[in-house]
Amino acid sequence: MTRAEAAPAAPARAAKRRSGQWAAWAFLAPVVIYLIAFYAYPLYRNLDLSLRHYTVRSFVQGDAPFSGLDNYRTVVDNATFWPEFLHTVAFTGVSLVFQFSIGMALAVFFAQNFRLSATLRALFLVPWLLPLIVSASTWSWMLNSDSGVVNFALRSVGIDPVNWLTSPSWALTSVIIANVWIGIPFNLVVLYSGLQSIPSEIYEAAALDGANGWQRFWRVTFPLLRPVSAITLLLGLVYTLKVFDIIWIMTKGGPTDASTTFATWSYKLSFGTLVPQFGPGAAVGNLLIIMALIFGLLYIRMQRKQVS
Amino acid sequence: MTLPRRGLRAIAALSIAVCLSAACSNADSSSPEGASSGGTYNIWDPYPQFDDSSDWVKLLTKCGTDAGVTVKRTGYDTTDLTNKALLAAQQGNSPDVLIVDNPVVSTLAEAGVLNTTDATAGIEPNLLAAGQQDGKTYGIPIGANTLALYYNKKVLDAAKVDPATVKDWASLTAALEKVKAAGKKGITFSAIGTEEGSFQFLPWFWGSGAQLTQLDSAQGVAALTLWTDWLKNGLAPNSVLNNTQTTSWQEFATGDYAFSENGTWQLANAKKAGFEYGIIPIPSQAGGTAPAPTGGEFVTTPVQTDTKRYDTTAKLVACLSSADNALTTDTTLSYVAATAAVQDKQVAANPDLKVWVEAVKAAKGRTSDNLGTKYPKISEPLWTAFQSALSGGKSPADALKAAQTTAASATK
């Protein structure tokens with residue numbers, strides 16, 4: 001801005017300064033408007049929704065009474081809160097562990113640049129390129145209890161078929177499997193590019209010191225990939241916490257609530273029944289934001305520590 | 001001195017820009033535009049499958065021309081329309097005519113979005129009931145559909161079952177067992193954990209004599225036990241838990257299944273299925289046709305700030321529900337008409353529809369019995385109950401008992 005060159009008041013300069021300020025605001029406006037219209041306002045609305053007692057009537061007339069944390073209390077006191085919290089944690093945790101470890105293994109594998117490795121790597125990206133509705137519908141069809149190809153395969157090798165999507169004990173596992181499959185490419189790509197930035201001299205030095213492959217991975221690759229791994233995991237966590245489409249398409253969160261996470265629960269409350277419950281729905285959504293925020297702050301703290 | 005001024009300017013600049021991006025001009029999209037003498041009237045419907053060349057949209061345009069106005073029609077996905085309508089009402093730009101799924105009418109009426117109507121002459125009372133609350137009527141059914149049992153003739157012949165003998169639950173289960181013994185599959189339906197599942201469960205629930213106000217009655221438990229026993233004994237596939245009505249139909253269309261619980265809207269697909277089919281009403285426990293829930297939309301007129309528009313709106317609604325036009329609409333949508341006169345015409349033109357007209361006569365609105373907005377709060381525990389019983393989590397009695405507790409506290 002123009003502050004630095006602001007000098008004692010000659011009228012012409014003051015006018016110039018004023019116009020300079022206008023220009024500065026004009027340049028700033030698009031970003032500020034964008035931030036307010038697409039980030040601040042929706043967040044504020046969501047918070048506002050969760051703090052008022054909405055019925056369909058008060059939603060239309062806009063006179064919903066302020067009810068403090070009542071919606072949050074309703075949500076937490078709900079018998080399904082803790083099971084669904086556990087589903088969310090299990091879904092996110094297990095998905096992340098498998099996505100990351102398989103992605104890492106594949107990245108290390110492809111880093112060796114053998115013939116056809118580029119082609120194979122491209123093939124691994126397919127799950128990422130498919131629209132989620134396509135992959136989720138395909139999984140849903142493959143895991144169908146009666147006509148699914150997975151149960152057909154199990155039956156042909158003499159194993160009892162499993163009700164993947166319709167048994168309370170398997171539904172969550174099934175959606176996790178599908179989500180892991182969808183998440184591997186992302187981890188693979190980011191970790192692979194991280195691997196490219198590790199100088200090969202370090203590996204040579206390690207080899208000269210007599211380190212075997214396993215030691216090279218744990219002593220060289222893994223520590224040097226730590227910053228990349230951290231951001232991969234954080235992004236993965238945010239993506240996975242809010243996964244909705246896969247679960248909704250495959251199981252609708254069912255049977256009963258066996259595969260419902262906070263994301264699907266929030267949707268179900270707000271839009272899944274004939275009478276929308278916007279208040280509790282927004283409350284669950286905000287809980288999700290808080291969960292993501294906690295891990296975001298943890299990440300920033302970790303990064304600061306690393307720098308210092 | 002500079003800082004507050006700067007702040008003020010910032011606020012002014014921002015508000016102008018926000019205004020631009022949010023289009024806060026005063027131009028009212030629904031105000032008369034003068035192109036046609038009477039202006040533009042907005043109609044929203046849940047039939048996005050129809051484009052401007054379809055009979056439905058042509059009818060809307062013609063009704064507009066007759067009333068001297070231009071009709072602007074928008075088709076929304078039916079699951080989207082409730083929220084769209086609520087948001088529009090909140091923003092004060094509701095359409096002039098809104099065509100919505102019948103169980104939504106009471107929700108919108110509760111929200112104060114809809115005007116009442118008294119142009120209900122000739123409409124079957126059981127269909128109209130879904131749009132009535134506390135003695136007031138909030139819309140007119142444009143037509144109705146409901147559920148019945150499709151059967152595959154070849155499969156039944158092979159199992160030596162005569163569909164005419166299926167009169168009650170016992171004879172239906174016996175037929176399913178014969179089909180299974182003959183190496184084919186029994187029945188498909190949709191027991192998914194959404195409103196769609198409740199819609200499919202209700203014919204059995206009501207067919208036992210149970211009431212939505214008492215989910216855990218002995219009759220209700222009997223209905224759920226019927227479903228769980230079918231699953232347990234392999235008469236229905238386990239995939240029903242995840243079936244929508246469409247995927248359930250796809251199972252039936254493989255030709256392996258004897259029966260499918262499905263609606264009027266599958267008639268066109270049934271003709272394409274490549275096997276001989278028939279339709280019987282869903283039997284009740286003790287025999288006779290079970291009351292199935294009514295599907296189909298209502299023509300409603302949302303509240304407007306400009307009350308001068310109502311006269312023309314009434315003309316549009318009258319045009320849409322006139323006998324001739326209702327016949328066209330219901331033929332296009334594959335629905336049964338809402339008035340006995342038009343129903344007779346439909347059966348005369350297509351005798352296949354007779355069983356559907358019977359089923360619609362026996363049918364019942366989900367929000368009827370003055371349940372209104374209580375229905376959704378009962379329906380959700382109900383689908384949770386059959387999901388947990390069918391997946392083996394709870395016994396039918398326990399599942400329904402839990403459902404009744406939830407429903408009772410939600411509708412208090």
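**Stop 1: between the domains of chain B**

Show the residues where the two domains touch: 15 residues come from domain 1 of chain B and 17 residues from domain 2 of chain B. Two residues are in contact if their C-beta atoms, placed from the backbone, lie within 7 Å. On the domain 1 side, pick α4 (102-110) and α15 (354-362) of chain B, which each supply at least two residues. Helices here (H or I, at least four residues) and strands (E, at least two) are DSSP runs, numbered from the N terminus. Which helix gives the largest share of the domain 1 side? That is α15(B), with five residues. Colour that side of domain 1 of chain B by class and you get seven nonpolar, five polar and three charged residues. In this scheme Ala, Val, Leu, Ile, Met, Phe, Trp, Tyr, Cys and Pro count as nonpolar, Asp, Glu, Lys and Arg as charged, and the others, Gly among them, as polar.

**Stop 2: a helix pair in chain B**

Next, select α9 (residues 218-232) of chain B and α16 (residues 374-390) of chain B. Two packed helices are described by the angle between their axes and the distance between the axes. For α9(B) and α16(B), the angle is about 35 degrees and the axes are 9 Å apart. Axes are lines fitted to C-alpha atoms, for helices over the stretch in contact, and angles run from 0 to 180 degrees between N-to-C directions.

The crossing of α9(B) and α16(B) is right-handed. A crossing is left-handed if the near helix is turned anticlockwise from the far one by less than a right angle, and right-handed if clockwise.

**Stop 3: helix pairs in chain A**

Hop over to chain A and pick α4 (residues 81-110) and α9 (residues 171-196). Their axes are 6 Å apart, at an angle of about 40 degrees, so α4(A) and α9(A) are oblique to each other. Angles under 35 degrees count as roughly parallel, over 145 as roughly antiparallel, 65 to 115 as roughly perpendicular and the rest as oblique. α4(A) passes α9(A) in a right-handed crossing. The contact of α4(A) with α9(A) has 19 nonpolar, seven polar and no charged residues.

Now select α10 (200-208) and α11 (213-224) of chain A, whose axes come within 11 Å and cross at roughly 140 degrees. That makes α10(A) oblique to α11(A). This crossing is right-handed too. Show A:I202, A:Y203 and A:A206 in α10(A), which meet A:R216, A:R219 and A:V220 in α11(A). The class count is four nonpolar, no polar and two charged residues.

**Stop 4: where the chains meet**

Show both chains: the contact takes 33 residues from chain A and 37 residues from chain B. On the chain A side, α1 (11-50) and α2 each give two or more residues, and α1(A) has the largest share, at seven.

**Last stop: confidence**

Colour by pLDDT, the predictor's confidence in each residue, from 0 to 100. Chain A has a mean of 87 and chain B averages 86. Find residues 1-36 of chain B, where pLDDT stays under 50. Where pLDDT is low, the predicted coordinates should not be read in detail. For the complex, the predictor gives an ipTM of 0.79 and a pTM of 0.82.

Key. Residues numbered from 1 in each chain as written. Chains lettered and ligands numbered in written order. Predicted model: local features only at pLDDT ≥ 70, side-chain atom pairs only at ≥ 80, totals over all residues.
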